[in-house]
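Take a look at the predicted model below. This report walks through some of its features, topic by topic.

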Amino acid sequence: MRRLWFYVRLWKGYMRIGLLMLVQYPADTVIWLVSMVLREASGFLGVVTIANVAGGLGNWNLYEICLLFGLCAVVEAIGQAFFDCVWEISGSVRKGTMDVILVRPAAPFIQLLGRRFHYPALLSIIIYGAVIVWSLAHLHIVPGVGTLLFLIEYIVCATVINSGIYTIFNSFNFWIVQGEDMAVLVQTCREFAKYPLAVFPVLIRGFFTFIIPFGFVGFYPAAFLAGKAGMEVVFTLPMCACAVGLAAAFIWKKGLGSYDSTGT
């Protein structure tokens, strides 16, 4: 219990430092906010335009596609806000700054995540949360207790899956040293998650279901909410999150164990 309270206080301290860093350069923060909104808006408008011109994608109509896009965007924004520092593994290994984390008493992964918080991403969470509510309203889905419980399950499990996948591929930098391009490639492949996987060939659907399960970050939960998938999604979602989370923890620990510093 004392250890848990220690990490709670530590996390609060990290968040406070992140907030001070945010207000230290207000102009940079404003530019970042504007660029983030424009980037997300352009991606959203692109999907909506395609859906309007094509009359939908497969058997998915406009509002179902907006729901899918909103779910994916909210989880990505949560990852950017609180778990984005997994992308610093490559630089920490290459520059030897991982040594600083290893000599401190707190868990290395907690220290890594606490290096920086992207608070502007909270704006994206609010915007796409509104998109989800708007989509549900047009689909005549009443947010009852069951729907709200599933959305909570989705947020937790999809965040673990999304950030866990990024952690896995960024942890390969412990062996490859400068292999962040692999993680960037995986992040690029994540764009498939913003579209209904049902419109893609079986090979692609299988890849994003069993190999790199981005399908559970958006497609399958959205299909469940839209009535296109059954209760199996409710059970497979936490199973997938557990599998990805355990794999990420295992590879992170193995990589950390093989870290040899820079020798300088």
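Lys228 counts as partly exposed, at 32% relative accessibility. Its salt-bridge partner is Glu64, and the closest N and O atoms of the pair are 3.5 Å apart. Glu64 is buried, with a relative accessible area of 8%. Why do the two fall into separate classes? Buried means under 20% relative accessible area and exposed means over 50%, with partly exposed in between. Glu64 is at 8%, so Glu64 is buried. Lys228 is at 32%, so Lys228 is partly exposed.

## A salt-bridge network

How many salt bridges does the structure hold? There are 6 salt bridges. Glu88 takes part in one with Arg115, at 3.5 Å from N to O. Glu88 lies in the loop between α3 and α4 (89–95), while Arg115 lies in the loop between α6 and α7 (121–138). The pair therefore ties together parts that are 27 residues apart in sequence. Arg115 counts as partly exposed, at 29% relative accessibility.

Glu88 also forms a salt bridge with Arg116. Here the closest N and O atoms are 2.1 Å apart. Arg116 lies in the loop between α6 and α7, and Glu88 in the loop between α3 and α4, so this pair ties together parts 28 residues apart in sequence. Arg116 counts as partly exposed, at 26% relative accessibility. Which residues join into one network? Salt bridges that share partners connect Asp84, Glu88, Arg115 and Arg116.

## The nonpolar cores

The largest nonpolar core has 57 residues. Which of them touch the most other members? They are Leu71, Ile161, Ile165 and Phe214. The elements that give two or more residues to this core are α2 (26–54), α3, α7, α8, α10 (180–189), α12 and α13. Helix α3 provides the largest share, 11 residues.

Now pick out Ile161. Leaving aside neighbours within four places in sequence, Ile161 is in contact with Pro213, Phe216, Val217, Leu237, Cys240, Ala241 and Val244. Another core lies apart from the largest one. This other core has 9 residues, among them Met98, Leu112, Phe174 and Tyr259.

## The largest pocket

Rolling a probe the size of a water molecule over the atoms shows where empty space is left. How much space lies in the largest pocket? The value is about 290 Å³.

The lining of the largest pocket has 14 residues. Phe109, Leu113, Gly164, Thr167 and Ala248 lie nearest the centre. The elements that give two or more residues to this lining are α6 (108–113), α8 (145–171) and α13 (232–257). The lining residues divide into 8 nonpolar, 5 polar and 1 charged.

Ala27 lies in helix α2. Ala27 is exposed, with a relative accessible area of 53%. In sequence, Ala27 and Lys254 are 227 residues apart; in space, 41 Å separate them, C-alpha to C-alpha.

Ile31 also has its place in helix α2. Is Ile31 buried or exposed? With a relative accessible area of 58%, Ile31 is exposed. Leu45 is exposed, with a relative accessible area of 51%. Exposed means over 50%, so Leu45 falls in that class. The C-alpha atoms of Leu45 and Glu88 are separated by 31 Å, and these residues are 43 residues apart along the chain.

## A positive phi

Most residues other than glycine have a negative phi. Against that background, look at His140. Phi of His140 is near 60°, a positive value in a residue other than glycine. Where is His140 found? His140 is in the loop between α7 and α8. His140 is exposed, with a relative accessible area of 70%.

Key:
Residues are numbered from 1 along each chain as its sequence is written. This is a predicted model: local features need pLDDT of at least 70, side-chain atom pairs count only at pLDDT 80 or more; totals for chains, interfaces and linings use all residues. Side-chain values use heavy atoms; hydrogens and water are left out. On a 1 Å grid over the protein atoms alone, a cavity is a set of points where a 1.4 Å probe fits but cannot get out, and a pocket is an open set with protein on both sides within 12 Å along at least five of seven lines; lining residues have an atom within 4 Å of a point. Grid points are joined across faces, edges and corners, and a volume is the space filled by probe spheres set on the points. Helices (H or I, at least four residues) and strands (E, at least two) are DSSP runs, numbered from the N terminus. Ala, Val, Leu, Ile, Met, Phe, Trp, Tyr, Cys and Pro count as nonpolar, Asp, Glu, Lys and Arg as charged, and the others, Gly among them, as polar. A salt bridge is a side-chain nitrogen of Lys or Arg within 4 Å of a carboxyl oxygen of Asp or Glu. Buried means under 20% relative accessible area, exposed over 50%, partly exposed in between (1.4 Å probe, protein chains only). A nonpolar core is a set of buried Ala, Val, Leu, Ile, Met, Phe, Trp, Tyr and Cys residues joined through side-chain atoms within 4.5 Å. Contact means heavy atoms within 4.5 Å.
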